[in-house]
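Let's take a walk through this structure together, one region at a time. Have the sequence and the 3D view open as you read.

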Amino acid sequence: MEFYGYNGKIIEVDLSREKVRVKELDYEVLNKYIGGRGLAAYILWNELGDKWEEVDPLGSENLLLMLTGPLTGYYPGVKLCISGKSPQSNGMVGSVLSSEVAIELKAAGYDGIVIKGSSKDPVYLMVKEDIIEIREAKHLWGLRGREVFLKLKEELRRDSTRGPWGLRGDPAFIYIGPAGERKVRMATVMAKLVHAAGYGGYGAVMGAKKLKAVAVKGYGPMPKVKYPGWLRYLIREAWNVLLKQHSIRHWGTTTGSYLTARRSSSEPVRNWQEEWHEERSYSPRSFEVYWIKRYWGDYGCPTTCMKISYLRTSEFKDSLTDGPDYELQAYLGTNLGIFDPKANIYLSSLADDLGLCGIQIGNLLGFVAELYEKGLLSKEDLDGLEPKWGDVEAFAKLMVKIAERDGIGDILAEGVARACLELSNLKGIELCKYAVHVKGIGVGAHGIRSRKDYTQFISYALSTQGGDHTSAPLLPPLKRWGELWNAFNDSAVICSFNVPEGAEDLPFEFLKAITGWEIDLPLWGKIHGRRILTIQRVMLLLGGPDLYWDPRLHDRNPPKFYEPLPTGPFKGSKVVEDEFKRQVKEYYSALGWDEHGLPTNETLEELDIKFLEGAIKRIKARLKSS
Amino acid sequence: MGDIWILRDPHKCSGCKLCEVACSLTHEGAIWPEASRIKVFEPFPGIDIPHLCSQCPTYPCIKSCKVNALKVDPKTGAVLVDEDKCTGCGDCFKACPGGVPRLHPSKRKVIICDLCGGDPECVKVCNLAGYGALRTIPAKDRDLYEVYAVKPSELAKGLYEAYYGGRN
């Protein structure tokens, strides 16, 4: 069968045995699972499904995947999907970041990389066309993001410019910071200082494998496509559509704090005690003055929503980050009681440099600060630190302690879901009601109580990726920004911000022009997407080895969301239990899942995934016994 | 259409590389980063340097070519490559002060910007997107061509200093 849109090859690296091989991908598998998140679900199920509960996400048996999709390189903007068994949820997350590693992989003749095993000593992987090398990385180990970037960039440039070719482009690479090396469950996989795959915690998986970085260089064209003429037309069409997104082009998501806090009252403030504030200091206007670059993007992206903030002076001198984007404005700002844009830029820069996910760490620090505020954690518990709301330096020190697993940082490095259990044990008080996560993953910075931003109560509670705000279920399930919709973007692998309202068919037209496959949005929702979510759901409920999720207890919102909003235009709003239950029922049934959210036999049949039968029996047996 | 020249402004370059996409689609019929005649180099995030032929009036590349594979396009002033004659020896990219000519990854022949015959696609897309990092001007105004006839690393130093205070 001829491949269009794929190279049909994947690199498999076994770090334990120091072996590298190139495997052929099966046409039927690609047709069913597309790429990125979908392909990750297939590969993980195939390799780990039978023993999922026993696989330690931070053990050598876990896999780390770096996958492209059929739209990589063609659809505007370039994204890479990172996956594996998640050390946050114990399920699987398709964690997507901007990285030119994706286009370099395609140019080098591959569709992705599978990393198995773990190395004894720090290494990095270098892929240059058909040369695949596991290289020593002792000189990079221990370094923070910016140092890693500079060193590796220089080293790789020397490498790639060798030979009688003239001046060629540098290899692209992804890497981890100190947090990943120490297996901090909130660790990210980073690219170009500010791009991060945060959800899932795959920086920790990379660290557990002693893999500091992955660099790729390819010299070929994107794979052959089925209808080149039509595709060229579609590329132009996409440019025209995307160039009309004026707000996101101009400000990125930095308008977020202003809009979600002031208008929709859904921004986390002081660990979600409130979701509203009226700080005019937190408008995009007060951030944009620090941008040294307003339009910044990766390969082929006309949107360029990324902005580079850099502070030349002040006590926060030399801080470098993006916008910060809305999520980090919220989590390393308002959620910590910080309303100073410069302090927000500083903490975002520090999170990037340590390789910590700004969302997860901001969520956790808010939790710690609330416990401190309420006298549930003392100065002594926190190694002498006093994280009061707005105390930038105390939060910065905690972040470093967490990235280094120093003192209290060692407990907190386990992430909010595990840390709250451990702290509850130590203190003899129930503290998890202050933790704002769903199934191990701190929720994104979009509240659901006001129903003006994320308008439905199931958006986190039912996600196969826990609190991931980029994978939030909605009704009807195929709705824009809903999990089923986003699963396509993560599988194709494209950026959801590059699918503007009204252009939902465009990525599917690209898919058809590239691969020749007749998959449209309704079919995606009925079969392909539903298949991927169903596999992910089963993996999530299998969980283990340290935490398991029970749908009767954990298909719920964080306790905070059942408390009424105390301030703002939607004061008094909270999750309405009856309405929530109705949505749960409707969503399960729309996906072909039973009352516990497990796929029915008919669903398994319809989606051709009867291989899940054994796993479902295992889950049911556990539910019965508990 | 007379002689033209492409003016660049690295401050305005977003690093989006739509220019590379447009160039390779036009010349190769595919998206092919390493076969693009224009390359954007990014030695550090935010330091984005569009790099292409400066059309030196002295044409050191043409002078260096022992097999007469390079000539000036009388219509535009661009350097055209005769693929039948080019041996891929690399003399021209050693002679070029900017290290602009490169070998095509599969054909192993030199590739140099041909100005798309007078209406460069890279410039069009850069302006369509509103960046204006590339602009077409009459070639007679290229008396400062040597400003861009340098390797990207040379431009990078100054930009880094301007953006990040020179610490690197």
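In which loop of chain A does Ser314(A) lie? Ser314(A) belongs to the loop between strand 14 (306-310) and strand 15 (320-321) of chain A. Please keep in mind that what you are looking at is a predicted model. Although Ser314(A) is not a glycine, its phi is positive, about 80 degrees. With 13 other C-beta atoms within 10 Å, Ser314(A) counts as partly exposed.

Asn271(A) is not a glycine, yet it has a positive phi of about 50 degrees.

While we are in the loops of chain A, let's look at some cis peptide bonds. One joins Leu475(A) and Pro476(A), with omega about -10 degrees. Pro476(A) sits in the loop between strand 17 (441-442) and helix 17 (483-492) of chain A. Another cis bond runs from Gly544(A) to Pro545(A), and its omega is near 0 degrees. You will find Pro545(A) in the loop between helix 19 (521-542) and helix 20 (551-554) of chain A.

Now step back and take in chain A as a whole. Chain A contains 23 helices and 17 strands. Its radius of gyration is 23 Å, close to the 25 Å that the globule rule gives for 626 residues, so chain A is as compact as a globular protein of that length. Along the principal axes, the C-alpha trace of chain A spans about 65 × 60 × 50 Å. Of the 626 residues in chain A, 61% count as buried. Among the contacts in chain A between residues at least 6 apart in sequence, 70% join residues at least 24 apart.

Next, turn to a sheet in chain A. Strands of a sheet pair through backbone hydrogen bonds, either parallel or antiparallel. This one is an open sheet of six strands in the order 2-1-6-3-4-5, with mixed pairing. Strand 2 and strand 5 (95-98) of chain A stand at the edges with a single partner strand each, so one side of each has no neighbour in the sheet. On average, neighbouring strands of this sheet are turned by 20 degrees against each other, direction ignored.

Start at the edge formed by strand 2 of chain A. Strand 1 (residues 9-14) and strand 2 of chain A pair in the antiparallel sense over six bridges, and Glu12(A) has Arg21(A) in strand 2 as its bridge partner. These strands form a hairpin with four residues between them, and Glu18(A) in the turn has a positive phi of about 50 degrees. Of the six residues of strand 2 (residues 19-24) of chain A, the number buried is zero, so this strand lies largely in the open.

Strand 1 of chain A also pairs with strand 6 (residues 112-116) of chain A, here in the parallel sense and over five bridges. In strand 6 of chain A, Gly112(A) is the bridge partner of Ile10(A). Helix 2 (residues 36-48) of chain A lies across strand 3 (64-67), strand 4 (79-84) and strand 6 of chain A, and runs at about 25 degrees to strand 4 of chain A.

That brings us to chain B, which has five helices and eight strands. Along the sequence, chain B follows the pattern β-α-β-β-α-β-β-α-β-β-α-β-α. A compact globule of 168 residues would have a radius of gyration near 15 Å, and chain B agrees with 15 Å. The C-alpha trace of chain B spans about 45 × 35 × 30 Å along its principal axes. Of the 168 residues of chain B, 48% count as buried.

Finally, how do the chains meet? In all, 33 residues of chain B are in contact with 36 residues of chain A. On the side of chain B that touches chain A, helix 1 (18-28), strand 2 (39-44), strand 6 (102-103) and helix 5 (152-164) of chain B each supply at least two residues. Helix 1 of chain B gives the largest share, four residues. By class, this side of chain B has 20 nonpolar, eight polar and five charged residues. Helix 5 of chain B, with 13 residues, reaches 17 Å from its first C-alpha to its last, close to the 18 Å expected at 1.5 Å a residue. Gly165(B) follows helix 5 of chain B and has a positive phi, near 75 degrees.

Methods
Residues are numbered from 1 along each chain as its sequence is written. Chains are lettered from A and ligands numbered from 1 in the order in which they are written. This is a predicted model: local features need pLDDT of at least 70, side-chain atom pairs count only at pLDDT 80 or more; totals for chains, interfaces and linings use all residues. Two residues are in contact if their C-beta atoms, placed from the backbone, lie within 7 Å. Ala, Val, Leu, Ile, Met, Phe, Trp, Tyr, Cys and Pro count as nonpolar, Asp, Glu, Lys and Arg as charged, and the others, Gly among them, as polar. The radius of gyration is taken over C-alpha atoms; the globule rule is 2.2 Å times the number of residues to the power 0.38. A residue is buried if 20 or more other C-beta atoms lie within 10 Å of its own, exposed if 12 or fewer, and partly exposed in between; C-beta atoms are placed from the backbone. Two strands pair if DSSP finds at least two bridges between them. The expected span of a helix is 1.5 Å times one less than its number of residues. Axes are lines fitted to C-alpha atoms, for helices over the stretch in contact, and angles run from 0 to 180 degrees between N-to-C directions.
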